[in-house]
Amino acid sequence: MTVTTFNQKANSITQKAPSPAGRFLVGHMPEFRKDVLALFSRMVQDYPELVQLKLAHLDTFLVHDPELIRELFVKRASDFPKADINLHVTGKALGNGVLSTKGACHSQQRKLMQPAFHHKRLAGYASIMSAYTQTFLANWQDGEIRNIHSEMLRLTMFIVAKTLFDADMETMADKGEIAAETIAGNQYWLRKEFSYGFKVPFWLPTRGNREIKANNKRLRDMLQPIIDQRRQGQIEDKGDLLSILLTAVNDNGQPMNDNLLIDEVVTLFSAGHETTSNALSWTLYLLSQNPEQAEMLYTELDQVLDGRPPTFADLNQLVYTEMVLKESMRILPPVWTLSFREAHQDTTLGNYHIPQGSILTAPIYGIHRSPKYFPDPERFDPERFHPEHGVDLPRYAYLPFGAGPHVCIGAQFAMIEAKLLLAAICQQFRFTLQPDQDIILDPLITMGPKNGIKMTLEKRKITS
């Protein structure tokens with residue numbers, strides 16, 4: 001591409017980004033709607049640094065190079081804030097929660113919530129995770145066929161309800177289906193609106209808007225009484241996340257108002273179980289397809305745990321367990337693309353010209369399958385993440401929890417949960433995929449299996 005402009009700040013020549021031909025007026029939107037994962041994967045292969053696509057009226061840049069990702073999401077994050085369309089669409093379901101705000105507002109909310117994820121509290125959360133998993137698995141029987149994805153959704157929902165609200169399994173059991181349906185329904189409509197390429201006003205009585213509002217009411221009607229009950233008594237730190245939110249004050253000494261509190265509760269409840277449940281579902285599926293790696297996992301669990309349930313103290317020794325999870329989140333990442341960023345003025349990224357109003361993202365699903373960073377990328381190989389002899393990856397070639405100021409606030413919580421649950425589940429059971437079912441990737445706001453994953457359970461004989 002020929003030189004087009006001169007970048008005074010970087011003192012270097014800038015160029016126009018490569019852009020494959022699309023259809024008249026709509027550009028690449030038909031491919032985006034038909035199979036966004038295939039489109040993103042192909043773009044990573046063909047354009048290793050970045051590429052400009054036309055999604056209806058949106059000029060969209062897919063950023064693939066780790067150094068450019070670092071520049072976009074970390075070094076110059078303030079130059080590329082969350083895109084207005086991103087905030088508008090996610091805000092329909094999450095209000096003004098931490099995932100749907102930007103700038104000073106986001107920083108303030110994140111600061112208020114950060115103590116809830118302090119390392120000293122994680123051991124307490126881990127105890128809940130371990131105990132709940134043992135209770136949950138007691139209902140599983142040898143030879144049963146279960147939809148593993150539905151099971152993981154239920155288990156992680158019980159755990160997030162306890163760690164967030166101190167609400168026990170019995171309290172949440174009758175509400176689990178409501179929560180799962182509302183969150184899944186909102187994900188469907190939010191993803192659909194993203195595919196339009198423009199903001200649909202929330203006051204407009206479209207079917208999507210009506211269903212999102214109905215789902216929001218159902219979810220808030222379920223969660224609000226828990227908050228109200230807590231407010232009626234003396235507000236104290238009960239060791240859960242809600243205690244932090246109720247007692248948090250901003251720089252002016254003011255607590256969260258009720259609207260913001262419920263938005264944050266909904267955000268944490270929604271995000272706090274679905275990404276982990278997707279990660280576990282995909283991991284169990286991949287293990288069922290890779291028996292050699294599954295046997296290595298079973299061997300580690302038997303040797304480290306010696307027949308007892310896993311605890312927080314075991315985590316550092318569960319090295320292969322973590323490798324399995326990391327490789328699973330590489331091949332089938334629950335967060336399959338980072339939230340859109342927007343250029344509010346003409347600028348550059350690296351040596352590429354970025355016009356004002358452009359949308360930018362990092363397509364994680366495609367980047368994680370790039371042979372440039374992951375040889376034989378379709379192969380399930382946990383050894384890639386061996387702490388001593390794994391692949392030497394660029395820092396931003398692997399992004400399961402995002403990057404920069406908007407990196408997942410609960411990343412450490414999620415990894416502890418995923419390791420403990422995977423260890424407990426695979427300590428007790430093997431899994432065989434039921435034949436004659438299509439495992440379909442469903443890239444909504446997060447990526448799960450569209451119709452679930454049916455598995456046959458086989459009770460393991462635990463050896464030591």
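**Figure 1. The aromatic cluster of F136, W140, F158, F429 and F431.** In this predicted model, five residues, F136, W140, F158, F429 and F431, make up one aromatic cluster. Across the whole structure, a search finds twelve aromatic pairs. Two of the pairs are shown in the next two views.

**Figure 2. The ring pair of F136 and F158.** A pair of aromatic rings is described by the distance of the centres and the angle of the planes. For F136 and F158 the centres are 6.4 Å apart and the planes stand at 65 degrees, so this pair is edge-to-face; the angle needed for that label is over 60 degrees. F136 belongs to helix α5 (residues 119-137) and F158 to helix α6 (residues 148-165), so the pair ties together parts 22 residues apart in sequence.

**Figure 3. The ring pair of W140 and F431.** Here the ring centres lie 6.2 Å apart and the planes are at 85 degrees, so W140 and F431 form an edge-to-face pair. W140 is in the loop between α5 and β5 (145-147), while F431 is in strand β10 (residues 429-433); the pair therefore ties together parts that are 291 residues apart in sequence. Both W140 and F431 are buried.

**Figure 4. Y298 and its contacts.** Y298 is found in helix α12 (residues 291-305). With a relative accessibility of 6%, Y298 counts as buried. Which residues does Y298 touch, not counting residues up to four places away in sequence? They are C426, F429, R430, F431 and R460. Of these contacts, F429 and F431 are also members of the aromatic cluster. The C-alpha atoms of Y298 and R460 are separated by 9.3 Å, although the two residues are 162 residues apart along the chain.

**Figure 5. Q289 and F431.** Q289 is placed in helix α11. Its relative accessible area is 39%, so Q289 is partly exposed. Between the C-alpha atoms of Q289 and F431 there is a separation of 9.5 Å, and along the chain the two are 142 residues apart. F431 itself is buried.

**Figure 6. S270 in helix α11.** S270 lies in helix α11, which covers residues 258-289. The relative accessible area of S270 is 11%, and the residue is therefore buried. Leaving aside neighbours within four places in sequence, S270 is in contact with L94, I183 and L219.

**Figure 7. Two arginines over aromatic rings.** R330 lies over the face of F374, and the distance to the ring centre is 5.1 Å. R395 lies over the face of Y396, at 4.5 Å from the ring centre.

**Figure 8. The second largest cavity.** The structure holds two cavities of 30 Å³ or more. How much space lies in the second largest cavity? The value is about 40 Å³. Its lining consists of M29, F32, L55, L58, T60, F194, G197 and F340. The elements that give two or more residues to this lining are α1 (29-46) and β4 (58-63). By type, the lining residues divide into six nonpolar, two polar and no charged.

**Figure 9. D376, a residue with positive phi.** Most residues other than glycine have a negative phi. D376 is not a glycine, yet its phi is positive, at about 50 degrees. D376 is located in the loop between α14 (364-367) and α15 (411-428). A relative accessible area of 44% makes D376 partly exposed.

Figure 10. The phi of D436 is near 60 degrees, which is a positive value in a residue other than glycine. Where is D436 placed? D436 is in the loop between β10 and β11 (441-443). At 83% relative accessibility, D436 counts as exposed, because exposed means over 50%.

Methods. Residues are numbered from 1 along each chain as its sequence is written. This is a predicted model: local features need pLDDT of at least 70, side-chain atom pairs count only at pLDDT 80 or more; totals for chains, interfaces and linings use all residues. Side-chain values use heavy atoms; hydrogens and water are left out. Rings of Phe, Tyr and Trp (its six-membered ring) pair if their centres lie within 6.5 Å; planes under 30 degrees apart count as stacked, over 60 as edge-to-face and the rest as tilted. Helices (H or I, at least four residues) and strands (E, at least two) are DSSP runs, numbered from the N terminus. Buried means under 20% relative accessible area, exposed over 50%, partly exposed in between (1.4 Å probe, protein chains only). A charge sits over a ring if NZ of Lys or CZ of Arg is within 6 Å of the ring centre and within 35 degrees of the ring normal. On a 1 Å grid over the protein atoms alone, a cavity is a set of points where a 1.4 Å probe fits but cannot get out, and a pocket is an open set with protein on both sides within 12 Å along at least five of seven lines; lining residues have an atom within 4 Å of a point. Grid points are joined across faces, edges and corners, and a volume is the space filled by probe spheres set on the points. Ala, Val, Leu, Ile, Met, Phe, Trp, Tyr, Cys and Pro count as nonpolar, Asp, Glu, Lys and Arg as charged, and the others, Gly among them, as polar. Contact means heavy atoms within 4.5 Å.
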